[in-house]
Amino acid sequence: MSKTVFCVKLQKEGPAMAFAPYPGELGQRLIENVSQEAWNLWLARQTMLINENQLSPRDPEARKFLTTEMEAFLFGDGGTVPSGYVPPADH
């Protein structure tokens with residue numbers, strides 16, 4: 001049986017992540033409070049933020065921005081969406 005967590009983002013029980021995606025205290029907070037499903041939603045949002053803002057994950061300022069957005073997305077108000085962003089239409 002796989003481990004479950006009560007996900008703060010989705011407000012329901014769900015399968016836990018297999019490992020902490022960040023080191024240290026933030027990683028511990030993520031593994032204890034965020035489900036794999038919510039983490040996958042974050043990865044999609046992160047990709048959108050990188051593409052829409054033309055960020056380089058190697059840039060320390062971009063990494064700081066993405067970490068702040070991740071915490072807002074998973075634990076806070078949902079984070080920001082780039083101005084002018086229009087989600088792709090479903091076919």
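Are W42 and F73 buried or exposed? Both W42 and F73 are buried, where buried means under 20% relative accessible area, exposed over 50%, and partly exposed in between (1.4 Å probe, protein chains only). The model is predicted, so local features need pLDDT of at least 70 and side-chain atom pairs count only at pLDDT 80 or more, while totals for chains, interfaces and linings use all residues. Residues are numbered from 1 along each chain as its sequence is written, and side-chain values use heavy atoms, with hydrogens and water left out.

Rings of Phe, Tyr and Trp (its six-membered ring) are taken to pair if their centres lie within 6.5 Å; planes under 30 degrees apart count as stacked, over 60 as edge-to-face and the rest as tilted. The count by this rule is 2 aromatic pairs. Y22 and W39 form an edge-to-face pair, because their ring centres are 6.5 Å apart and their planes stand at 85 degrees. This pair links distant parts of the chain, 17 residues apart: Y22 is in the loop between β2 (12–15) and α1 (24–33), and W39 is in helix α2 (residues 36–52). Helices (H or I, at least four residues) and strands (E, at least two) are DSSP runs, numbered from the N terminus. Y22 has 23% relative accessibility and therefore counts as partly exposed, whereas W39, at 9%, is buried. The pair of W42 and F73 is tilted, with 5.7 Å from centre to centre and 45 degrees between the planes. Here W42 of helix α2 is joined to F73 of helix α3 (residues 60–75), 31 residues apart.

Charged side chains also lie over rings; the rule requires NZ of Lys or CZ of Arg within 6 Å of the ring centre and within 35 degrees of the ring normal. K9 lies over the face of F73, at 3.9 Å from the ring centre. R29 is placed over the face of F75, at 3.7 Å from the ring centre.

Helix α2 has 17 residues. Its buried residues are A38, W39, W42, R45, Q46, M48, L49 and I50. The elements that cover them include β1, α1 and α3, with contact meaning heavy atoms within 4.5 Å. After α2 comes Q54, with a positive phi near 50 degrees.

Strand β1 (residues 4–7) has V5 and C7 on a covered face, and T4 and F6 on an uncovered one. Strands β1 and β2 run antiparallel and are joined by 4 bridges; two strands pair if DSSP finds at least two bridges between them. F6 stands opposite E13 in β2.

Notes: The expected span of a helix is 1.5 Å times one less than its number of residues.
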